[in-house]
Amino acid sequence: MKKFYGYGNLGSDFWFIGKEEAGGESQKDIEARLNAWKASNKSEVADLYEFHDRIFSYKSPETSNAVLSRFFDHTSRKFKLQRTWAGLIKLQLASNGAYDGKNCSIIKKYQSEWLGRFNSPNCLLELFPISSPSSKKFEISEWSDIEYLKDRKSYKQALTEIRINKIRKLIQEHYPKVVIFYSTDKEYLDYWHQIAGISFSEDSKIHLHKKHAVYLKKRENTVYVVIPHPTAFGISNKFWIEVGQELKKLKE
């Protein structure tokens with residue numbers, strides 16, 4: 001709850017910070033994730049591929065290789081782009097001029113080989129530690145005797161300050177050039193404000209495709225960006241390219 005924050009390379013220039021990881025649809029999935037973390041030496045961040053290899057092995061040893069290849073073998077006919085990851089990849093590549101909305105193969109290869117790895121040019125952190133199928137569900141309350149896991153409200157009250165302080169400290173220690181927060185919900189805008197130490201207000205907002213607001217602000221040597229969740233309705237490849245172009249301008 002207090003020590004695991006996500007995946008990838010904390011020494012990288014590009015950080016993504018989300019609400020919480022998807023998953024946690026069953027007690028077995030939660031147990032598999034806890035076991036995977038223990039096997040990762042209970043580290044602050046893990047390697048995305050190695051961690052998921054352990055998750056799938058714990059959940060279903062007989063099918064783990066097949067499931068793993070769906071997300072990490074871009075040469076497989078059954079390979080699947082994970083929607084959240086794909087959006088984040090498109091944004092990072094677009095900010096470097098490496099994605100034009102057409103070259104899907106580069107997105108597949110990046111997910112397979114470079115997203116959230118120890119040697120990757122990015123890391124993926126989560127504000128809250130428990131994987132959940134949606135923000136409206138909190139099944140772990142049925143499987144745990146920990147008092148603050150009795151409901152989502154108690155869970156947030158117990159962990160929000162601790163995890164905000166830790167993520168802020170990690171940023172201060174590693175100085176990433178870009179930090180992408182992905183949620184524009186009012187509650188989370190306040191959390192992002194506390195982490196970044198800056199207010200995401202009207203003066204930092206740009207509108208793309210009418211529906212989706214994006215916040216961009218630079219503080220010292222870090223560009224902070226707030227985007228909608230990559231699975232939000234109506235987000236297209238054009239959206240990622242335009243945000244990437246705006247980010248590139250601000251970095252320069």
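Modeller: A salt bridge is a side-chain nitrogen of Lys or Arg within 4 Å of a carboxyl oxygen of Asp or Glu. This is a predicted model, in which local features need pLDDT of at least 70 and side-chain atom pairs count only at pLDDT 80 or more, whereas totals for chains, interfaces and linings use all residues. Residues are numbered from 1 along each chain as its sequence is written, and side-chain values use heavy atoms, with hydrogens and water left out.

Colleague: Which residues are linked with Glu-21 in a network of salt bridges?

Modeller: The structure holds 14 salt bridges. Some of these charged side chains are linked in a network, where Glu-21 is joined by Glu-25, Asp-29, Arg-33 and Lys-59.

Colleague: How far apart are the closest N and O atoms in the salt bridge of Glu-113 with Lys-109?

Modeller: Glu-113 and Lys-109 are four residues apart in helix H5 (residues 104–113), and they are therefore separated by about one helical turn; helices are DSSP runs (H or I) of at least four residues and strands (E) of at least two, numbered from the N terminus. Glu-113 is partly exposed at 31% relative accessibility, and Lys-109 is partly exposed at 38%, where buried means under 20% relative accessible area, exposed over 50% and partly exposed in between (1.4 Å probe, protein chains only). Between Glu-113 and Lys-109, the closest N and O atoms are separated by 3.1 Å.

Colleague: What is the relative accessible area of Lys-238?

Modeller: Lys-238 forms a salt bridge with Glu-242, with 3.9 Å between the closest N and O atoms. Both residues lie in helix H8 (residues 237–251), four residues apart, which is about one turn of the helix. Lys-238 counts as exposed, because its relative accessible area is 52%.

Colleague: How many residues apart in sequence are the parts that Tyr-7 and Phe-51 tie together?

Modeller: Tyr-7 and Phe-51, both buried, form an edge-to-face aromatic pair with 5.4 Å between centres and 70° between planes; rings of Phe, Tyr and Trp (its six-membered ring) pair if their centres lie within 6.5 Å, and planes under 30 degrees apart count as stacked, over 60 as edge-to-face and the rest as tilted. Tyr-7 belongs to strand E1 (residues 6–8) and Phe-51 to helix H2 (residues 48–59), so the sequence separation of the parts tied together is 44 residues.

Colleague: What is the relative accessible area of Phe-181?

Modeller: Phe-181 forms a stacked aromatic pair with Tyr-224, at 6.2 Å centre to centre and 10° between the planes. Tyr-224 is buried at 5% relative accessibility. Phe-181 is likewise buried, its relative accessible area being 0%.
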